[in-house]
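Please look at the sequence and the 3D structure shown here before reading the short report.

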Amino acid sequence: MEKVMQDNDYKNSLGYRLSRIRFEFGLNKKQLADKLYISQQCITRYEKNEREPDYSYILNLVDKCNVNLEYVFGKSDIIFNDKKKRES
């Protein structure tokens with residue numbers, strides 16, 4: 001039987017944190033996919049926790065969007081490395 005993810009579990013998941021980053025930037029999935037040179041389907045799978053991104057995706061996200069790596073992995077609630085989001 002497939003395990004159903006509870007709401008609290010989802011909010012602590014990598015997928016939720018990735019969707020939160022996208023939301024904070026005001027981007028749709030296609031826009032983020034284009035920015036990171038991956039497919040929109042990959043973004044969808046990551047955010048639904050159907051697939052885990054590889055490290056190159058995470059490092060690209062951290063670098064291009066000035067995202068706090070500790071936030072991505074659930075060790076911090078601070079999304080960005082500084083108060084100002086990086087303009088790209």
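## About the model

This is a predicted model, in which local features need pLDDT of at least 70 and side-chain atom pairs count only at pLDDT 80 or more, while totals for chains, interfaces and linings use all residues. Residues are numbered from 1 along each chain as its sequence is written, and side-chain values use heavy atoms, with hydrogens and water left out.

## Helix 2 and helix 4

Two packed helices are described by the angle between their axes and the distance between the axes. The axes of helix 2 (residues 14–25) and helix 4 (residues 40–47) come within 7 Å and cross at roughly 125°, which makes helix 2 oblique to helix 4. Angles under 35 degrees count as roughly parallel, over 145 as roughly antiparallel, 65 to 115 as roughly perpendicular and the rest as oblique. Axes are lines fitted to C-alpha atoms, for helices over the stretch in contact, and angles run from 0 to 180 degrees between N-to-C directions; helices are DSSP runs (H or I) of at least four residues, numbered from the N terminus.

On the helix 2 side, Gly15, Tyr16, Leu18, Ser19 and Arg22 meet Ile43, Tyr46 and Glu47 of helix 4, where contact means heavy atoms within 4.5 Å.

## Two residues with positive phi

Most residues other than glycine have a negative phi. Asn49, in the loop between helix 4 and helix 5 (55–65), has a positive phi near 60°, and Asn66, in the loop between helix 5 and helix 6 (69–72), has a positive phi of about 55°.

Asn49 counts as partly exposed because its relative accessibility is 29%, whereas Asn66, at 10%, counts as buried. Buried means under 20% relative accessible area, exposed over 50% and partly exposed in between, with a 1.4 Å probe and protein chains only.
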